[in-house]
Amino acid sequence: MSTERTSELRPAEPSHEAGLRIGTDEWVAQAEARRRRRSGALGKLADRWAALPPIARIGLFALLLLAAPVVTAARPVLDLLGISNNGFIVRIGATFLASSILAVGLNVVVGYAGLLDLGYVAFYGLAGYAYAYLSSDFINGGVHLPSILSVPLIIAFTALMGWFLGSLSIRLYGDYLAIVTLGFGQLFVQLASTLTRVKVFWLDKTVDLTRGPNGINNLDNVVLFGYSFRSTLQYYYLFFVMLAVVLVVVHHMNQSRIGRAWRAMREDDLAADVMGMPTRRLKLIAFAIGAAIAALAGTVLAAWQGSVTPGRYDLLALIDLYAMVVLGGIGSLAGVVLGAFVFTILPELLRSVELASYLFYLGGLLGLIWWLKPSRRLVVLLAGAFAGGLVFKLLIHWFLPGLDSGAVPSGGSFLNQAVQSWLVIPEKFKAVGNVAIGAAVLMLLVTILLKPPLRWLTLGLTLYLFAFAWETRLATEPSVTRVLITGVTLIVLMIFRPEGLLGEPRVSVG
Amino acid sequence: MSLLVVEKLNKHFGGLNVVLNLSFEVNDREIVSLIGPNGAGKTTVLNLLTGIIPPDSGDMRFDGKTLVGLDPHAITRLGIARTFQTLRLFLNMSVIENVMAAAYSHTHAGLLSIILRTPGWRREEAGIRALAEEKLGFFGERLLGYRFDQPAYSLSYANRRRLEIARAMATDPKLLLLDEPAAGMNPRETLEMTELIGQLRDQAGYTILFVEHDMNVVGGISDRVIALDYGEKIAEGTFEEVTTNERVVEAYLGRKH
């Protein structure tokens, strides 16, 4: 399990890899691959994973997603997670899938074509409201166009609007494009909130176009070939299929001359034009396709949620989508889905004490593994921290018996209870817990600044303090903690990987 | 017969005449070089020819069709390709993708055939890939094999210059405009570049107009030399004629007062 390599200087000899001689061009070119080959058990697993053809990896994820609602409904799993039914899991799963579709659409505009479109959410909203007009009692007693007609119509209409918005801002680049499109996005929300008393001159009356901030309710379900989608579980699978289709379509576009042209435009717009790529038209195509994807998700989302309100398509929703794309890695399809996963599922899962605790400890463990690499040192550290905690508890029992009160701060799963029995928890754990939070962060900083071996001692102490702070304070208030943890996670991720989880670090001058 | 005709071309930026009443021709399969001190307007001429900036007056005709008012990609579609003085590669794309991207103008796959991956699309993609490999192969072993998938930013300077030429070739042009192709190269690389320009004409059949400062390249391969100074043409002829011309010498070296 060791990754410690003793580097011995040896005279250059023919490398046995593929018969290459050391120092030749090709040998140098493959140096990166050689360095990345990891050792150790975990490393071998990682290598096996990387060696799988992409289709196998995708298949695995698809299988996981398909099976998730069924697996999480099973009794043993529910008990393990400490929840009573999996309805909330299916709901956040459906939200994740739908958000993925929106994020993929945004990725086409921002990631592939490099157009900073801050009005993207307006297409999503436009499609939602269009669906509300065509599939409810809103207009004149009720228009209930069958979804098999309305959805493609709305997609086409929104794509056209995307083309139109694109052509208005075609001369603009970078920040200026961002501001103009931001204006459009805000315009949509304002219009949706306020177009409630539009004067129609020739009829001499006022018309309510949008029902204002309350929005339009009672939207029809999506009906495909007679099959009506009613429950969240049904929408979950519908979104799954839609996401799969969108991913395939976008992937195909990306690997074609259009994808290459988009990427070239993103790199150097002028050079791309001089090399024969019609940049103006390509930008419009990107806008239109992004809008079409947003419309696809927007209509079905509106149907699932049963209503449309202007507040759902505001700046906050835009920021959420951008966070998914940036976090996952601009320009990477898998990355965007991963970003959507982290961003939708993480805050939701953190609502439950049991799940949040699992994530907290798992995250901590992963962080340690990433920092220290799977090694003897890591095992010794963890064992030492555990033993140290026990010793501390024993000492407390001997010298200050009343201190360990056995109070139980949070219900939680067996994991929480196990950790709590390992810790020393005094009577007034709330107050001490507050202090422990600050002490834990302080100890973490100290650990980072120190050098080994002193560092390993303080690291053990840091782990104890974090566990203590979690069990006595943080775990008991999930509504606050979830926001805290989501925020900290995002910040840490962006510091260590500014190109996003699966993004490629981009070179601008080279 | 004339492939490119430039007639009384004018461009000024404010009060500064960058190109003044410029007229010249380039014939099919000729290698013409454009020389002059820095600031003479040479790169501006290339920018005018490729539609990056519009001329104020005058005409440019390629194969009989006027270039004035056309977008750069439309001009490329007519058959003119260029490289840039300061290298404008698509740095984060791989070597082969840089070249494949430039094949856009003479490919036809539409959105539907791309999404459905029709046999027609597959055939065209294979053709584009083969074209890119062929163009890169023009430069010997340097840009082949494992180099295809390396990002363009990992290439050395000389290889980047070669890649930019390969990329221009992928647009299937008749006329190649090279902006200082030997800039920043050592004597051996300069000699290679000189021979390469000759091969581009002899083997690949391109007509070439190139801007250069290095007289080894200019003298080594040009059929004709055009000299500019302060936007005006001050001499035209063979290398010997132009480099011994009084006005040209004065432009480069100044006058003995």
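In this predicted model, a handy place to start is B:Glu7, which sits opposite B:Asp59 of strand S4 in chain B. That pair belongs to the meeting of strand S1 (residues 2–13) with strand S4 (residues 57–62) of chain B, where five bridges hold to an antiparallel arrangement. Strand S1 of chain B also pairs with S2(B), again in the antiparallel sense, through eight bridges. Here B:Val5 has B:Glu25 in S2(B) as its bridge partner.

S1(B) and S2(B) form a hairpin with two residues between the strands. In this hairpin B:Gly14 takes a positive phi, near 65 degrees.

Stepping back to the whole sheet, four strands of chain B line up in the order S2-S1-S4-S5, with antiparallel pairing, and the sheet is open. Strand S2 (16–27) and strand S5 (65–66) of chain B each have a single partner strand and stand at the edges, so one side of each has no neighbour in the sheet. As for the pairing itself, strands of a sheet are joined through backbone hydrogen bonds, in either a parallel or an antiparallel manner.

A helix comes into the picture as well. Helix H1 (residues 42–49) of chain B lies across S1, S2 and S4 of chain B, and its direction makes an angle of about 65 degrees with S2(B).

Key. Residues numbered from 1 in each chain as written. Chains lettered and ligands numbered in written order. Predicted model: local features only at pLDDT ≥ 70, side-chain atom pairs only at ≥ 80, totals over all residues. Pairing = 2+ DSSP bridges. Contact = placed C-beta atoms within 7 Å. Axes fitted to C-alpha atoms, helices over the stretch in contact; angles between N-to-C directions.
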